[in-house]
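Please keep the sequence and the coordinates in view while reading.

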Amino acid sequence: QVRLEESGGGLVQPGGSLRLSCAASGSIFRINTMGWYRQAPGKQREAVAVITSGGSTNYADSVKGRFTISRDNAKNTVYLQMNSLKPEDTGVYYCAMVVTTMLDPPYDYWGQGTQVTVSS
């Protein structure tokens with residue numbers, strides 16, 4: 001069993017910054033792609049940023065130049081540094097990882113979500 005635990009959400013004023021973290025635990029053999037997704041009220045979940053095992057990154061157009069995704073493979077952790085936050089960045093942020101365990105093939109695991117609110 002694999003568990004993903006997110007932290008770092010909260011309330012921030014427009015123009016501010018937050019750093020999200022997501023750590024995976026369990027019988028992990030390998031983690032491939034890691035990513036961050038968000039869901040705003042009344043909207044569908046959307047991809048924000050992803051990072052491959054080789055370190056290649058991809059961002060939603062709406063966050064390019066403001067958000068940075070990174071990973072620490074030794075800690076099985078993915079980060080999302082969010083700068084110049086806007087009210088439209090408000091939502092529940094979820095991390096996701098493609099994890100291969102000791103017994104099972106690659107599978108998508110999701111965190112429980114952390115609320116990010118950008119408001120003055």
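Is R66 buried or exposed? At 11% relative accessibility, R66 counts as buried, since buried means under 20% relative accessible area, exposed over 50% and partly exposed in between (1.4 Å probe, protein chains only). The model is a predicted one, in which local features need pLDDT of at least 70 and side-chain atom pairs count only at pLDDT 80 or more, while totals for chains, interfaces and linings use all residues. Residues are numbered from 1 along each chain as its sequence is written, and side-chain values use heavy atoms, with hydrogens and water left out.

R66 is placed in the loop between strand 6 (57–59) and strand 7 (67–72); strands (E, at least two residues) and helices (H or I, at least four) are DSSP runs numbered from the N terminus. The side chain of R66 reaches the backbone oxygen of S62 at 2.8 Å, and a polar atom of that side chain lies 2.9 Å from the backbone oxygen of S84. Neighbours within four places in sequence aside, R66 is in contact (heavy atoms within 4.5 Å) with Q81, M82, N83, S84, L85, K86 and D89.

Strand 4 (residues 28–39) pairs with two further strands, where pairing requires that DSSP find at least two bridges. With strand 9 (residues 91–101), strand 4 pairs in the antiparallel sense over nine bridges, and R30 stands opposite T100. Five bridges join strand 4 to strand 5 (residues 46–51), again antiparallel, with G35 opposite V50. Strands 4 and 5 form a hairpin with six residues between them, and G42 in the turn has a positive phi of about 75°.

The structure also holds two aromatic pairs. Rings of Phe, Tyr and Trp (its six-membered ring) pair if their centres lie within 6.5 Å; planes under 30 degrees apart count as stacked, over 60 as edge-to-face and the rest as tilted. The rings of Y37 and W110 have centres 4.9 Å apart and planes at 55°, so this pair is tilted. Because Y37 lies in strand 4 and W110 in strand 10 (residues 107–110), the pair ties together parts 73 residues apart in sequence. Y37, at 22% relative accessibility, is partly exposed, as is W110 at 38%. The rings of Y107 and Y109 have centres 5.0 Å apart and planes at 70°, so that pair is edge-to-face. Y107 is exposed at 53% relative accessible area, whereas Y109 is buried at 14%.

Key. A polar contact is a pair of N or O atoms within 3.5 Å; within protein, one must be able to donate a hydrogen and the other to accept it, and residues adjacent in sequence count only if both atoms are side-chain atoms.
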